[in-house]
Amino acid sequence: AIERTFSMIKPDATKRNLTGAITKMLEDAGLRVVASKRVHMSQREAEAFYAVHKERPFFGELTEFMASGPTVVQVLEGENAIAKNREVMGATNPVDADEGTIRKAFAQSIGENSVHGSDAPETAKEEIAFWFAEKDIVG
Ligand code: CMP
């Protein structure tokens, strides 16, 4: 089915001017960017966005990193978009990421791993709604 998913290009990647290179890999995988904006989130926004991880030992490190520079938040649309995006991103830890994936190509560590993508339909819906109004998504 045609789905929408949420994708974020993280500060380690925007800093290295990789927004275009990463977006091209998403597009080459058959995903379409139907909304996109560059945001420098506050610490509070990062904590709210990643609230599901608030009990994890790396929560502080994660949210400080996400608020440390610009990110690009995007809505991607396509056939099986959620799974397809996770496939092209590669494993969370770049050491485990397959050849040809975004994280294999660009990620620097498990924290500075260049991209985030929704893991399920419910989280995709929530993460899209966190950053975008329906009228700003143009399919
Ligand atoms: P992401 O898909 O954005 O969702 C949560 C993030 O937490 C994950 O990608 C990683 O970048 C980050 N993360 C997971 N484990 C660790 C860890 N051990 N140390 C730092 N960050 C982590």
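Several elements cover the buried residues of helix H7: strand E1 (2-9), strand E2 (32-39), helix H3 (43-49), strand E3 (71-79), helix H5 (81-89) and strand E4 (115-117) are among them. Covering here rests on contact, meaning heavy atoms within 4.5 Å. This is a predicted model, where local features need pLDDT of at least 70, side-chain atom pairs count only at pLDDT 80 or more, and totals for chains, interfaces and linings use all residues. Residues are numbered from 1 along each chain as its sequence is written, and side-chain values use heavy atoms, without hydrogens and water.

- Helix H7 spans residues 121-131, and its residues Ala124, Glu127, Ile128 and Trp131 are buried (under 20% relative accessible area; exposed is over 50%, partly exposed in between, with a 1.4 Å probe and protein chains only).
- These residues cover an arc of only 100° around the axis, so they sit on the same side of H7; the arc is that of the directions from the helix axis to the C-beta atoms.
- An α-helix has 3.6 residues a turn, so residues three or four places apart point the same way.
- Glu122, Lys125 and Ala129 are exposed, on the face turned away from the buried side of H7.
- Helices (H or I, at least four residues) and strands (E, at least two) are DSSP runs, numbered from the N terminus.

**Positive phi in two loops**

- Asn17 has a positive phi of about 60°, although it is not a glycine.
- Asn17 is in the loop between helix H1 (11-15) and helix H2 (19-28).
- Asn17 is exposed, at 69% relative accessible area.
- Asn80 is not a glycine either, and its phi is positive, near 50°.
- Asn80 lies in the loop between E3 and H5.
- Asn80 is partly exposed, at 40% relative accessibility.
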